[in-house]
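Let us read a structure together, one feature at a time. Look it over, then follow the dialogue.

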Amino acid sequence: MSKTSKFNAYVSAVAHWMPEKVITNRHFSDYLDTSDEWITARTGISERRFLEDEQPTSYAAVKAIEILLKKRGITPDELDLIIVATVTPDMIYPSTACVIQDKIGAKNCWGFDILAACSGFLFALNTGVQFIESGAHKKVLVVGAEKMSAVVNMQDRNTCVLFGDGAAAFLLEPTEDKTMGILDSVLHIDGSGGVHLNQKAGGSLHPASHETVDKGMHYVYQEGQAVFKAAVKGMADVSVEIMERNNLKADNVAYLVPHQANMRIIQVCAERMKIGMEKVMLNIHKYGNTTSCTIPSCVSEYYEDGKIKKGDYIVLSSFGAGWTWGSILIRWAI
Ligand code: COA
């Protein structure tokens, strides 16, 4: 889809930072009725990383951002805007963008958080793109950062084995080459799905109380099969749609970067796109579902390993609580 703006936004730098503490499947099978075999077969996850108790989401985000700024060779005061996608902000408010801005000393920017669960990074990326395309900003930092270990019930085998912590970021800058950068996006929400995947307490509907804590309402609640079914359809539909409306066949696409929630969802999505698994970016096996961090961390790792080339067409696709889902097409420019 060709855009009417003078500039395209392109990804000028990427970085990720994952916590050092590795939590294997065995960690859970030692105290819960689960097994490495079940977790690996049903999800594709072998291990995940957890932040230490005293390290909040912003800790991981700052680590990733420091790497990114160094790679790009710029200082924090050159940033115009920080957008943070997270479902695990350090606090309800101020925003984690404010916390990060202060920690890195980004004196000349503004910023805000975006909440779209596992689609958070795509929603944040598409938002950042608007500020570049309009000419309003020249350097927009888009961050996906999570401490999911802070919000899952470690006694609930249905959810605790699925998630992990981590952070990753993209820097967006303008280019006049309209064939490069973020080319197209398809994003959706459908609030009717909210009953199947949520974290009920701590907001204005169910303020934190002894009762909400006793009932575990501050933890991730997920009806796995309902989420699975909706995710398979939602993610596959938008991925196919973005390819078709940009006249891309599987051969033209270098990579699908799917949200990493479940290997079986990823496989169905790739099949629907007729894309072989060798062209699907994966890190679910070592990090689990890091919510808003899955997509940027995959891209960062593959770029760092020299697996992404300038000119590659990359399709990012996600599905998450809300429901929220979408797909973004990038032509890699660095
Ligand atoms: N270890 C062993 N057994 C487990 C288990 C675990 N960690 N977690 C669940 N089970 C059990 C269930 O209790 C159930 O037992 P029962 O039949 O005795 O009731 C059985 O396994 C099957 O549960 P089910 O929920 O049908 O499994 P599933 O194949 O659907 O896999 C998920 C569960 C959560 C892995 C899967 O549904 C999923 O990935 N859903 C989508 C998650 C997602 O995408 N989330 C994020 C979107 S952002």
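**Salt bridges and the ligand site**

Across the whole structure, a search finds 13 salt bridges. The model is predicted.

Q: Is Asp 184 buried or exposed?
A: Under 20% relative accessible area means buried. Asp 184 has 6% relative accessibility, so it counts as buried.

Q: Which residue of helix α8 lies four residues from Arg 245?
A: Glu 241 does, and four residues is about one turn of the helix. The side chains of Glu 241 and Arg 245 also meet in a salt bridge, at 3.7 Å from N to O. Glu 241 counts as partly exposed, at 32% relative accessibility.

Q: Which parts does the pair of Lys 286 and Glu 301 tie together?
A: Start with the contact. Lys 286 forms a salt bridge with Glu 301, and their closest N and O atoms are 3.2 Å apart. Lys 286 lies in helix α10 (residues 284–287) and Glu 301 in helix α11 (residues 294–304), so the pair ties together parts 15 residues apart in sequence. Lys 286 is partly exposed at 28% relative accessibility, whereas Glu 301 is buried at 10%. Elsewhere, salt bridges that share partners join Arg 72, Lys 139 and Glu 173 into one network.

Q: Now the ligand. Which residues come nearest?
A: Of the 24 residues around the ligand, these are Thr 34, Arg 42, Cys 118, Gln 225 and Asn 262. Next, read the atoms. A ligand nitrogen is 2.6 Å from an N or O atom in the Thr 34 side chain. A ligand oxygen lies 2.6 Å from a polar side-chain atom of Asn 262. The protein covers 75% of the 950 Å² of accessible area that the ligand has on its own.

Q: Which element gives the most to the shell around the ligand?
A: Helix α8 does, with four residues. By type, the shell divides into ten nonpolar, ten polar and four charged residues.

Q: Why does the ligand lie between domain 1 and domain 2?
A: Check who supplies the shell. Domain 1 (8–179) and domain 2 (182–331) both give residues to it, so the ligand lies between them.

Note on methods. Residues are numbered from 1 along each chain as its sequence is written. This is a predicted model: local features need pLDDT of at least 70, side-chain atom pairs count only at pLDDT 80 or more; totals for chains, interfaces and linings use all residues. Side-chain values use heavy atoms; hydrogens and water are left out. A residue is near a molecule or strand if one of its heavy atoms lies within 4 Å of it. A polar contact is a pair of N or O atoms within 3.5 Å; within protein, one must be able to donate a hydrogen and the other to accept it, and residues adjacent in sequence count only if both atoms are side-chain atoms. Accessible areas come from the Shrake-Rupley method with a 1.4 Å probe; for residues, only the protein chains shown count as cover. Helices (H or I, at least four residues) and strands (E, at least two) are DSSP runs, numbered from the N terminus. Ala, Val, Leu, Ile, Met, Phe, Trp, Tyr, Cys and Pro count as nonpolar, Asp, Glu, Lys and Arg as charged, and the others, Gly among them, as polar. Domain bounds come from an automatic or database domain assignment. A salt bridge is a side-chain nitrogen of Lys or Arg within 4 Å of a carboxyl oxygen of Asp or Glu. Buried means under 20% relative accessible area, exposed over 50%, partly exposed in between (1.4 Å probe, protein chains only).
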